[in-house]
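Biologist: I would like a close look at a single part of this model. Please take one spot first, then place it in its surroundings.

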Amino acid sequence: MGIKIKTRPFGEIEVTEQQIIDFPDGILGFDDVRKFVLLDAHDENSPLKWLQAYDEPELAFVIIRPVDFMREYELVVSMNDIEAVGADTAENLVVFAIVTIPTNPSDMTANLQGPIIVNPEKRLGRQAISLSDRYSVRHKILEEMKKAAEG
Amino acid sequence: MLVLARRLNESIMIGDDIEVVIIDIKGDQVKLGIRAPKRVTVHRKEIYDEIRKENIAAMDSKVKPEELREISEIFKKGKDEREKK
């Protein structure tokens, strides 16, 4: 059965229980928001998705999977982060990066310093902290895509 | 806040299994060595601040859903170009 929620991108919509992800520690800066819903963009084929706060219609992040714009990406986080989403390895986790879209959308950046990790099986999520010094809070998405295209 | 004075190579214990050693002191910079179980995460505090700041910036970029559709076109173009090659 569907659950009706108010969302920023689509107004009131129905979601399924399976789309709801618990973030027991919230997201840095939004520590009190503990429940999010993962939504496709209008265009399902778009790599951009929405991470909509369950209880706060105005609160929604645009997110993207690093593998959708980078040639290679490696999740390097502490065991503590992995265990926090009820997993014992990173293998089955889904990784997203929060996207910042400035006035000129071509300059949009992805935050790989604080990747969002989700355990789909337990529907648990967390903003982890990357231990790799290759990743920062602002990776230009289009530049990374160009690099990927050039091989 | 607990304040302790330490010299070079001295250390403090936090609980039974976390040790913080003063490895080097140069001018206003102190190098710390941290011995802790794998489960304990250690990050510079700036990292938390940076991530928090970026999260708020991402939330402030009030992109409209319609705009997102146009932005998604950028990805399609990129993908088509890649496939052409």
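Is A:Arg123 buried, exposed or partly exposed, and why does A:Arg123 count as such?

Modeller: This is a predicted model. A:Arg123 counts as partly exposed, because 17 C-beta neighbours lie inside 10 Å. The cut-offs make that plain: 20 or more would be buried, 12 or fewer exposed. A:Arg123 is found in a loop of chain A, between strand E8 (109–119) and strand E9 (124–127). Its backbone deserves a look too. Phi of A:Arg123 is near 55°, a positive value in a residue other than glycine. Most residues other than glycine have a negative phi.

B:Asn9 lies in the segment before strand E1 (11–14) of chain B. B:Asn9 is exposed, because it has 10 other C-beta atoms within 10 Å.

Now the chain around the loop. Chain A has 2 helices and 10 strands. Along the sequence, the pattern of chain A reads β-β-β-β-β-β-α-β-β-β-β-α. The C-alpha atoms of chain A fill a box of roughly 45 × 35 × 25 Å along the principal axes. Chain A has a radius of gyration of 15 Å, which agrees with the value near 15 Å for a compact globule of 151 residues. Of the 151 residues in chain A, 39% are buried. Take the contacts in chain A between residues at least 6 apart in sequence: 51% join residues at least 24 apart.

Next, the interior. In soluble globular proteins, nonpolar side chains tend to be buried together. Here the largest nonpolar core has 45 residues. Those with the most contacts inside this core are A:Leu51, A:Val62, A:Ile63, A:Ile64, A:Ala97 and A:Val99. In chain A, A:Val62 is in contact with A:Leu48, A:Trp50, A:Val99 and A:Ile101. In chain B, A:Val62 is in contact with B:Val63 and B:Leu68.

That leads to the interface. There, 29 residues of chain B are in contact with 34 residues of chain A. Helix H1 (45–60) and helix H2 (65–84) of chain B each supply at least two residues of the side that touches chain A. By class, that side of chain B has 14 nonpolar, 6 polar and 9 charged residues.

Last, confidence. The model scores ipTM 0.92 and pTM 0.88. Chain B averages a pLDDT of 88, and 91% of its residues score at least 70.

How values were computed. Residues numbered from 1 in each chain as written. Chains lettered and ligands numbered in written order. Predicted model: local features only at pLDDT ≥ 70, side-chain atom pairs only at ≥ 80, totals over all residues. Helix = DSSP H or I, 4+ residues; strand = E, 2+ residues; numbered from the N terminus. pLDDT = per-residue confidence, 0-100. Contact = placed C-beta atoms within 7 Å. Nonpolar A, V, L, I, M, F, W, Y, C, P; charged D, E, K, R; others polar. Core = buried A, V, L, I, M, F, W, Y, C linked by C-beta atoms within 7 Å. Rg over C-alpha atoms; globule rule 2.2 N^0.38 Å. Lists of a residue's contacts leave out its neighbours within four places in sequence.
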